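Colleague: Please take a close look at a single part of this model and tell me what surrounds it.

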Amino acid sequence: FKNYNQIKSIGIKDFSINFKRRRIANYLMNQTDILVINLYRENSLKRLISLEAMQTTGVIALRKNDKSQKLHLPTDKILNQLEVFEREKNDQFNMIKSFPESRVMNISYESYFADNQQQNKINQQILDFLGVDALAINSKHKKILSSSLSNILENYDEVCKLLLKTKYEKYLEN
């Protein structure tokens with residue numbers, strides 16, 4: 001337990017969704033002493049696949065001897081779910097667009113997990129952004145799923161067929 005004056009940082013996953021749901025979307029804007037690290041996923045299809053993997057397997061962390069199994073993504077729901085994820089991403093950026101640049105750090109999931117060197121670089125940028133002295137960080141964060149959609153989805157061809165010629169086709173690129 002900490003007293004309010006002892007709290008230095010708070011993390012809120014999916015902050016825009018939660019703030020909007022509670023009708024307090026303007027809270028962050030009005031708190032000029034709060035810095036925002038806006039972590040977002042560029043590829044909404046991979047966000048959907050990650051959610052499906054978590055719901056199917058119950059795994060949100062990778063253990064040493066885990067063997068990946070391919071997922072079946074129900075195609076009857078993909079377009080609707082992608083639309084929801086795109087709207088949430090837009091809401092997230094709309095919420096912070098009026099903030100002074102000095103209060104917001106945008107980090108895409110894809111750039112953060114590009115490789116260990118990039119992850120270390122971004123970790124140091126986060127510390128700089130927060131005004132924290134540089135320290136050696138040995139992150140154990142790893143992507144669980146393969147980058148290749150064909151290695152993840154058992155119905156890869158079906159998903160590709162569905163998304164071709166839509167605005168989501170861009171997410172099929174590996």
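Modeller: Contact here means heavy atoms within 4.5 Å. This is a predicted model, in which local features need pLDDT of at least 70, side-chain atom pairs count only at pLDDT 80 or more, and totals for chains, interfaces and linings use all residues. Residues are numbered from 1 along each chain as its sequence is written, and side-chain values use heavy atoms, with hydrogens and water left out.

The part I have picked is Asn 38. Leaving aside neighbours within four places in sequence, Asn 38 is in contact with Phe 15, Gln 92, Phe 93, Ile 96, Val 104, Met 105, Asn 106 and Ile 107. Asn 38 belongs to strand 1, residues 36–40 (strands are DSSP runs of E, at least two residues, and helices are runs of H or I, at least four, both numbered from the N terminus). The relative accessible area of Asn 38 is 0%, so this residue is buried (buried is under 20% relative accessible area, exposed over 50%, partly exposed in between, with a 1.4 Å probe and protein chains only).

Two of the contacting residues also have polar contacts with Asn 38 through their side chains: Gln 92 at 2.3 Å and Asn 106 at 2.7 Å. A polar contact is a pair of N or O atoms within 3.5 Å; within protein, one must be able to donate a hydrogen and the other to accept it, and residues adjacent in sequence count only if both atoms are side-chain atoms.
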